[in-house]
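This report walks through one protein model, from overall make-up to single contacts. Please keep the sequence and the 3D view open while reading.

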Amino acid sequence: RTGRGRVVVRGKTDIELLDSKTKRAAIIIKEIPYQTNKAALVEKIAELVENKNLDGISDIRDESDRSGMRIVIELKRGSDPLIVLNNLYRLTSLQSTFSCNMVGILNGQPKQMGLKELLQAFIDFRCSVVERRARFKLSHAQERRHIVEGILIGFDNLDRVIHIIREASSNSTASAALCNEFGLSAKQAEALLDISLRRLTLRESGNFMAESKSLMEQISKLEELLSSRKNILELIEQEAIELKNRFASPRRSALEDTDNGQLEDIDIIPNEDMLLALSEKGYLKRMKPSTFNLQNRGTIGKSVGKLRVNDSMSDFLVCRAHDHVLYFSDKGTVYSARAYKVPECSRTAAGTPLVQILSLSDGERITSIIPVSEFAEDQFLLMLTMQGYIKKVSLNAFSSIRTTGIIAIQLVPGDELKWVRHCTNDDVVAMASHNGMVTLSLCSKIRTLGRSTRGGLAMRLKNGDRMASVDIIPAALWNDMENSPKFPGSNAKDQKGPWLLFVSESGYGKRVPLSSFRISPLNRVGLIGYKFAAEDRLAAVFVVGFTLAEDGESDEQVVLVSQSGTVNRIKVRDISIQSRFARGVILMRLDHAGKIQSASLISATDCEPDEVLAIAQS
């Protein structure tokens with residue numbers, strides 16, 4: 001556009017598989033950017049590997065020979081070739097820039113021009129050249145035709161011409177006599193006088209006639225060319241194509257329409273699973289999934305790390321590094337940041353204050369975290385407040401969030417946004433109160449509203465009761481349960497999934513068959529789902545049975561986090577299936593750990609004992 005800027009130049013590379021069993025790969029550099037020294041590039045890569053600034057490389061060698069360049073960079077087992085390649089682009093001269101300053105002479109003056117302006121100036125110049133060339137050829141053809149016409153007149157009166165020449169006393173006299181006799185011009189008369197006797201044959205006469213006809217056609221074409229600029233441009237195009245075919249050479253550089261070659265952090269960070277842990281006081285940390293091992297039901301668990309005084313765990317979830325993480329606050333505001341923006345730390349670290357990542361206002365707390373990989377149009381976010389107001393908002397409404405946050409829900413005085421869940425119109429929502437009342441409603445019956453709205457009442461709460469938890473039942477799971485055969489006389493323990501998993505604040509829990517509950521409209525009291533002992537309340541409820549083992553039992557796991565930060569991860573299959581009125585079994589001993597603060601459900605399908613693959617709900 002401007003005629004000044006940079007062209008990003010990258011070397012040509014391939015990725016080859018060295019060992020199919022170990023899946024070790026190598027990056028092969030076949031070409032390097034213009035003015036880049038190969039030896040210096042290899043030395044720089046080796047230096048970065050030695051200083052541990054470049055990870056994932058086990059060996060580098062130069063295998064170049066007379067057939068071409070070949071630099072082999074062997075990668076360590078498990079290294080992502082694309083991540084290593086992006087690091088090479090970022091840290092070495094395998095990617096460089098070439099500065100351009102396009103100055104040309106236009107109308108006798110130097111001028112900086114953009115590509116369009118340069119092409120236009122070149123086309124104007126070519127038009128001028130073609131036009132001047134055509135006018136020169138036209139003038140030359142017209143002059144020659146004039147001469148040929150005089151010669152043909154002489155051939156038609158050959159005897160008289162010879163007689164006049166023989167009678168003349170000199171060349172000038174003969175020329176003047178020819179002009180007077182046949183009405184010729186001086187040039188035509190001179191051309192007649194210059195013809196030798198050997199050219200006065202009949203054959204030569206035919207040649208002059210053919211030449212005259214050819215000149216007429218040439219003059220006609222040149223006059224037609226000069227009559228229209230379109231014809232001149234067509235000729236320029238034709239000549240350009242002829243030059244291209246004559247001097248054909250394949251393009252050696254590949255042109256790519258990318259983001260100007262600028263590498264962002266996301267280009268060099270693997271999209272791996274990660275754990276996010278949030279405390280009540282707003283400290284967030286990112287950990288590797290293998291941090292917490294699988295344990296048995298009823299054990300104390302493993303500490304999630306050091307917490308501040310009077311602080312407790314609030315949320316615990318699994319996501320991927322490239323996910324957009326939506327942070328919903330108690331004031332109904334939503335913020336957004338990539339998951340990898342959270343600093344990674346060890347299990348024992350305290351974490352990073354959210355105020356260093358998000359622009360939170362004074363006293364604002366993050367109450368719900370939702371990881372989003374893609375903002376699909378048919379996806380929604382379901383929001384539930386402590387006082388029981390519920391609404392559904394299109395996920396697309398949160399695809400662009402400014403750094404200061406945007407409004408997610410309008411709140412009544414004294415209320416706060418507590419839960420946000422990902423859903424579709426075909427799903428079913430399960431809601432529970434602190435007193436153990438449960439209601440199921442169709443997501444399609446919940447109106448889709450804008451961000452700046454309050455929503456309607458989800459449950460009819462009794463005095464002193466508040467909302468405790470919410471979870472989404474996927475449409476496929478609900479439809480399978482509805483279509484499955486019911487056997488008369490079967491009890492709850494004989495029934496297969498899905499189930500509702502209840503977790504109480506005192507560390508107790510149970511599974512209740514989902515078929516024990518029914519669909520009801522919003523703003524209803526609901527059914528009893530858990531009958532608590534004194535001073536106990538509901539901490540969380542989940543829909544389990546998403547993944548089943550061969551024996552038909554749940555293959556999921558639940559992660560429990562106490563107020564002191566102790567984490568316990570147990571199999572859902574170890575939790576008893578009981579009726580709606582039962583008290584449950586001990587899931588986590590809390591003699592010195594207070595109450596259950598949060599719980600997360602994870603899927604363990606095809607999972608190693610020390611790995612967490614994906615989160616189902618949190």
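The protein chain has 9 helices and 33 strands. Helices (H or I, at least four residues) and strands (E, at least two) are DSSP runs, numbered from the N terminus. The model is predicted: local features need pLDDT of at least 70, side-chain atom pairs count only at pLDDT 80 or more, and totals for chains, interfaces and linings use all residues. Residues are numbered from 1 along each chain as its sequence is written, and side-chain values use heavy atoms, with hydrogens and water left out.

**Burial and contacts**

Of the 618 residues in the protein chain, 43% are buried. Buried means under 20% relative accessible area, exposed over 50%, and partly exposed in between (1.4 Å probe, protein chains only). Take the contacts between residues at least 6 apart in sequence: 72% of them join residues at least 24 apart. Contact means heavy atoms within 4.5 Å.

**Salt bridges**

Side chains of opposite charge can pair when their charged atoms come close. The structure holds 24 salt bridges. A salt bridge is a side-chain nitrogen of Lys or Arg within 4 Å of a carboxyl oxygen of Asp or Glu. The table lists some of them.

| Pair | N to O distance |
|---|---|
| Arg 70 and Glu 16 | 3.4 Å |
| Glu 74 and Arg 61 | 2.6 Å |
| Glu 239 and Arg 126 | 2.7 Å |

Start with the salt bridge between Arg 70 and Glu 16. Arg 70 lies in the loop between strand E4 (57–62) and strand E5 (71–75), and Glu 16 lies in strand E2 (residues 12–19), so the pair ties together parts that are 54 residues apart in sequence. Arg 70 is partly exposed at 29% relative accessible area. Glu 16 is partly exposed too, at 31%.

Next comes the salt bridge between Glu 74 and Arg 61. Glu 74 sits in strand E5 and Arg 61 in strand E4, so this pair links parts 13 residues apart in sequence. Glu 74 counts as buried at 15% relative accessibility, whereas Arg 61 is partly exposed at 29%.

Elsewhere, salt bridges that share partners join Glu 16, Arg 24, Asp 59, Arg 61, Glu 63, Arg 70 and Glu 74 into one network.

**A helix pair**

The axes of helix H4 (residues 158–167) and helix H5 (residues 171–182) come within 9 Å and cross at roughly 145°. Axes are lines fitted to C-alpha atoms, for helices over the stretch in contact, and angles run from 0 to 180 degrees between N-to-C directions. H4 contributes Arg 160, Val 161 and Ile 164 to the contact, and H5 contributes Ala 174, Ala 177, Leu 178, Glu 181 and Phe 182. These residues divide into 6 nonpolar, no polar and 2 charged. Ala, Val, Leu, Ile, Met, Phe, Trp, Tyr, Cys and Pro count as nonpolar, Asp, Glu, Lys and Arg as charged, and the others, Gly among them, as polar.

**An open sheet**

An open sheet of 4 strands runs in the order E16-E13-E14-E19, with antiparallel pairing. Two strands pair if DSSP finds at least two bridges between them. Strand E16 (366–372) and strand E19 (406–407) are the edges, and each pairs on one side only. Strand E14 (residues 333–338) and E19 are joined by 2 bridges. Val 334 has Ile 406 in E19 as its bridge partner.

Val 372 lies in strand E16. Val 372 is buried, at 1% relative accessibility. Its C-alpha is 6.1 Å from that of Val 325, 47 residues apart in sequence. Not counting residues up to four places away in sequence, Val 372 touches Asp 323, His 324, Leu 326 and Leu 395.

**Strand E26**

Is strand E26 (residues 508–513) mostly covered or mostly open? Mostly covered: 6 of its 6 residues are buried. Tyr 508, Lys 510 and Val 512 lie on one side, and Gly 509, Arg 511 and Pro 513 on the other.

E26 pairs with strand E25 (residues 499–504) in the antiparallel sense over 5 bridges. Val 503 stands opposite Gly 509 in E26. The hairpin of E25 and E26 has 3 residues between the strands, and Gly 507 there takes a positive phi near 95°. E26 is also joined to strand E31 (residues 585–586) by 2 bridges, again antiparallel. There, Tyr 508 stands opposite Ile 586 in E31.
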